[in-house]
Amino acid sequence: MSAEKGAKIFKTKCSQCHTVGAGEAHKQGPNLNGLFGRQSGQAEGYSYTDANKNSGITWGEDTLFDYLLAPKKYIPGTKMVFAGLKKEKERKDLIAYLKEATA
């Protein structure tokens with residue numbers, strides 16, 4: 001896994017809707033700071049769908065790996081419009097980056 005490659009993936013595929021820094025504003029999607037170990041739909045000040053709030057998912061490497069493949073299949077009813085990352089290595093690299101950037 002390469003956090004450096006993951007940073008590039010985040011910049012090209014995620015940063016238009018998400019931020020990662022502590023205290024940064026939400027965009028179309030929520031700020032991802034503190035993501036690991038947090039339950040889905042719980043970032044303060046962001047308006048989530050009921051599907052996201054009620055999914056019961058706790059974010060970790062395993063849940064993110066599955067979610068990032070096809071978000072709308074993983075949480076039916078989510079408003080996240082991203083189609084997903086089909087390549088396993090890209091998902092692993094992105095997760096490596098998120099682990100560092102959102103801590």
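Modeller: A residue is called buried when its relative accessible area is under 20%, exposed when that area is over 50%, and partly exposed in between, with a 1.4 Å probe and protein chains only. This is a predicted model, in which local features need pLDDT of at least 70 and side-chain atom pairs count only at pLDDT 80 or more, while totals for chains, interfaces and linings use all residues. Residues are numbered from 1 along each chain as its sequence is written, and side-chain values use heavy atoms, with hydrogens and water left out.

Helices here are DSSP runs of H or I with at least four residues, just as strands are runs of E with at least two, and both are numbered from the N terminus. With a relative accessible area of 7%, T78 is buried. Contact means heavy atoms within 4.5 Å, and once neighbours within four places in sequence are set aside, T78 is in contact with T49, A51, N52, Y67, P71 and K72. With N52 there is also a polar contact, side chain to side chain, of 3.4 Å. That term stands for a pair of N or O atoms within 3.5 Å; within protein, one of them must be able to donate a hydrogen and the other to accept it, and residues adjacent in sequence count only if both atoms are side-chain atoms.

One of the partners of T78, Y67, leads us into helix 3 (residues 61-69), whose buried residues are T63, L64, F65, Y67 and L68. These buried residues of helix 3 pack against helix 4 and helix 5, and F65 is also touched by K92, as is M1, when residues up to four places away in sequence are not counted. K92 has its place in helix 5 and is partly exposed, with a relative accessible area of 34%. Between the C-alpha atoms of K92 and T49, which are 43 residues apart along the chain, the separation is 26 Å.

Helix 5 (88-101) is also part of what covers the buried residues of helix 1. In helix 1 (residues 3-13) those buried residues are A3, G6, I9 and F10. They lie on the same side of the helix, because they cover an arc of only 105° around the axis, where the arc is that of the directions from the helix axis to the C-beta atoms. The face of helix 1 turned away from the buried side carries exposed residues, namely E4, K8, K11 and T12.

The axes of helix 1 and helix 5 come within 7 Å and cross at roughly 95°; axes are lines fitted to C-alpha atoms, for helices over the stretch in contact, and angles run from 0 to 180 degrees between N-to-C directions. The two helices are therefore roughly perpendicular to each other, a label for angles of 65 to 115 degrees, whereas angles under 35 degrees count as roughly parallel, those over 145 as roughly antiparallel and the rest as oblique. Among the residues of helix 5 that meet helix 1 is A96, which is buried with a relative accessible area of 13%. Apart from neighbours within four places in sequence, A96 is in contact with M1, S2 and A3.

The loop between helix 1 and helix 2 (50-53) contains T19, which counts as buried at 12% relative accessibility. The side chain of T19 reaches the backbone oxygen of A25 at 2.9 Å and makes a polar contact of 3.1 Å with the side chain of N31. G37 lies in the loop between helix 1 and helix 2 too, yet G37 counts as exposed at 55% relative accessibility.

Lastly, the structure holds zero disulfides, a disulfide being a pair of cysteine sulfur atoms within 2.5 Å. The cysteine sulfur closest to that of C14 belongs to C17, and at 8.7 Å it is too far for a bond, while C14 itself counts as buried at 11% relative accessibility.
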